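Thanks for coming. I will take a few minutes to walk through one structure, starting with charged pairs and ending with the backbone.

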Amino acid sequence: MKRWLSILLAVLMLVAMTACGDSGKEKNETKRPSMDPADYVAPEPLVYTELPKNLKAEQVGSFSGEAKATNGGLYYKEGDKYGIMTLNGLVDSGPIYTVCQPNKQYFMVAKTVGDTTKVTTANVVGLVDALGREIIPMKYASIELIGERFARVAELTGTTDKEEEKLTKFADQKGNTVLCTGNWYLYDLKTGQPVPGATGTKPYISFDCGGYVKYVTDAKKSVVATPDGKALPEEPIHLKNGYYAIKSTHTVYSSEGVKLFSYDPKVYTPVESESIEGFILAEKQEKGNKTYVLLNEKGEVASAVFDHKPEQHGTLFHVGKALVKLDGTPVVKAGCNSVYWEPVYGQSWAVSDGKTTKVVDATGRVVFENKTTGSKVDTKLMLCYKSGSEKRYYYSSKDKGFTVGGAGLAPFLVKKANGTTSYDVVNVLNGEVILTGYTDYTVSDAGDTLVYVYAKKPDGNTDVFVVR
């Protein structure tokens with residue numbers, strides 16, 4: 001019967017669960033970190049104005065199996081239970097969850113299994129953060145984050161033989177399809193409360209637009225509303241940061257529905273943008289030509305006038321074939337075909353004509369330039385190097401003698417062979433050994449602020465370090 005419920009939960013969870021290993025945290029740990037939220041100190045983001053030559057590793061945990069860092073925190077498995085720890089290791093829930101599924105800065109969790117004779121006993125999962133604070137109560141069958149601010153939950157009420165009555169379906173242990181009835185709701189993650197009116201019994205699509213939501217009712221009516229359930233008069237212009245504009249009144253609102261400013265459509269009109277953070281992108285069309293500016297929360301022009309739609313990379317902007325600062329000062333004047341920004345180190349990577357590669361820091365200063373013909377910057381390979389009479393500095397996951405472990409963009413943390421069984425983590429800028437004596441390493445840049453190294457011991461245990 002337990003197997004039946006496991007299959008049900010696995011199918012109903014609408015975001016894929018990441019395995020956390022079969023073995024758990026070390027049994028010989030004598031004291032867990034405090035669970036008092038007052039003791040928690042959030043990690044400070046790493047933003048360098050130059051390439052760091054001195055890095056140090058700080059151990060935040062040791063596990064007898066696998067531990068994973070996500071945007072929300074570390075999670076691990078001990079026996080048949082899961083635990084959650086903050087990224088800096090100060091707050092640890094202990095192994096208290098029967099289910100733990102990371103999703104962005106949250107975790108979908110359950111503490112109970114329930115009676116397997118009824119479909120309704122699948123309503124046991126909720127949403128918590130790394131401090132264990134309950135965002136959505138543990139009384140649903142599934143939780144799907146549909147954006148940064150909202151989540152759609154499913155509450156099962158029974159089964160049906162009619163396809164048109166189902167909310168979702170699953171395959172039982174015999175491989176038969178079971179149709180489940182139930183209700184869905186939209187939750188505002190900022191308040192931990194359902195959005196009034198945003199509910200139904202059919203699996204229609206919902207959208208998270210930051211400052212408002214869009215959903216379809218059982219009557220197949222499309223509704224656009226603010227988080228408190230107030231219907232908007234029209235489909236807004238969806239802006240970044242949760243902002244939106246009502247075109248008929250030429251008004252821009254914050255993510256909380258507060259009026260920010262009115263605009264003159266004959267001057268600049270706010271437009272949608274996928275890359276702009278902290279500003280509002282606005283467009284002006286005149287005699288067939290378009291120009292763009294960035295507006296602040298008061299509607300004031302906060303940037304230079306751009307002749308192409310800008311793409312933001314940290315503090316820099318890719319405009320046409322140039323990489324510029326907010327005030328329009330060029331960093332790479334022309335031929336900048338591609339730009340990749342590494343948020344962990346706060347720097348931009350610019351490619352000029354596929355021939356010249358430049359590493360640029362957050363201030364726009366070119367750290368170094370490589371003029372080797374055919375050099376490339378790639379989000380997976382991150383190839384960028386300079387040659388010298390004695391040293392070659394590599395930024396590549398597949399290069400001579402160095403391999404970046406784990407998830408792609410960690411140019412300073414590499415794996416270097418040291419005998420047959422152990423490896424060293426080294427800083428490729430100065431050759432300094434950061435970690436040594438481990439059999440393997442993987443790297444993740446959880447939260448886009450810190451670099452975590454999972455160092456595997458010869459006995460199979462894993463030590464977790466944050467490197468800064």
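A salt bridge, in this talk, is a side-chain nitrogen of Lys or Arg within 4 Å of a carboxyl oxygen of Asp or Glu. Please keep in mind that the model on the screen is a predicted one.

With that rule, take Lys-104 and Glu-148. Their side chains form a salt bridge, with 3.6 Å from N to O, and that value falls within the 4 Å limit. Where do Lys-104 and Glu-148 lie in the chain? Lys-104 is in the loop between β5, residues 99-103, and β6, residues 106-110. Glu-148 is in the loop between β9, 142-145, and β10, 150-160. The two are 44 residues apart, and the pair links distant parts of the chain. As for solvent, Lys-104 has 32% relative accessibility, so it counts as partly exposed. Glu-148 has a relative accessible area of 57%, so it is exposed.

How many salt bridges does a search of the whole structure find? The search gives twelve. I will mention a few others.

One joins the side chains of Asp-129 and Arg-133, at 2.8 Å from N to O. Asp-129 sits in the loop between β7, residues 125-128, and β8, residues 134-140. Is Asp-129 buried or exposed? Its relative accessibility is 10%, so Asp-129 counts as buried. Arg-133, at 46%, counts as partly exposed. The two side chains also make a polar contact, again at 2.8 Å. Leaving aside residues up to four places away in sequence, Asp-129 touches Gln-105, Tyr-106, Phe-107 and Ile-135.

Another salt bridge runs between the side chains of Glu-283 and Lys-290, at 3.9 Å from N to O. Glu-283 has a relative accessible area of 19%. Buried means under 20%, so Glu-283 is buried. Lys-290, at 38% relative accessibility, counts as partly exposed.

There is also a network: salt bridges link Arg-149, Asp-188, Lys-190 and Glu-256.

Next, the aromatic rings. The structure holds eight aromatic pairs. In one of them, the rings of Trp-184 and Tyr-215 have centres 6.2 Å apart and planes at 75°, so the pair is edge-to-face. The cut-off behind that word is an angle over 60 degrees. Trp-184 belongs to strand β12, residues 177-188, and Tyr-215 to strand β15, residues 213-216, so this pair ties together parts that are 31 residues apart in sequence. Trp-184 and Tyr-215 are both buried.

Ring pairs also join Tyr-140, Tyr-185 and Tyr-187 into a cluster. A ring can have a charge over it as well: the charged end of Lys-284 sits over the ring of Tyr-268, 5.9 Å from the ring centre.

A word on cysteines. How many disulfides are there? The count is zero. Cys-100 has a relative accessible area of 0%, so it is buried. Cys-180 is also at 0% and counts as buried.

Now the overall picture. The protein has one helix and 39 strands. Of its 468 residues, 50% are buried. Taking contacts between residues at least 6 apart in sequence, 43% join residues at least 24 apart. For a pair separated in sequence, look at Asn-88 and Val-466. They are 378 residues apart in sequence, while their C-alpha atoms are 7.9 Å apart in space. Asn-88 is in the loop between β4, residues 81-85, and β5, and at 21% relative accessibility it counts as partly exposed.

Last, the backbone. Most residues other than glycine have a negative phi. Which way does phi go at Lys-220? Lys-220 has a positive value, near 65°. This lysine is in the loop between β15 and β16, the latter at residues 222-225, and its 65% relative accessibility means that Lys-220 counts as exposed. His-250 is another residue with a positive phi, about 55°, although it is not a glycine. His-250 is found in the loop between β18, residues 244-246, and β19, residues 251-253. With a relative accessible area of 29%, His-250 is partly exposed.

That is the end of the walk-through. I will take questions now.

Key. Residues numbered from 1 in each chain as written. Predicted model: local features only at pLDDT ≥ 70, side-chain atom pairs only at ≥ 80, totals over all residues. Heavy atoms only, no water. Phe/Tyr/Trp six-rings, centres within 6.5 Å; stacked < 30°, edge-to-face > 60°. Helix = DSSP H or I, 4+ residues; strand = E, 2+ residues; numbered from the N terminus. Buried < 20%, exposed > 50% of the residue type's maximum accessible area, 1.4 Å probe, protein only. Lys NZ or Arg CZ within 6 Å of the ring centre and 35° of its normal. Polar contact = N/O pair within 3.5 Å; in protein donor to acceptor, adjacent residues only side chain to side chain. Contact = heavy atoms within 4.5 Å. Disulfide = S-S within 2.5 Å.
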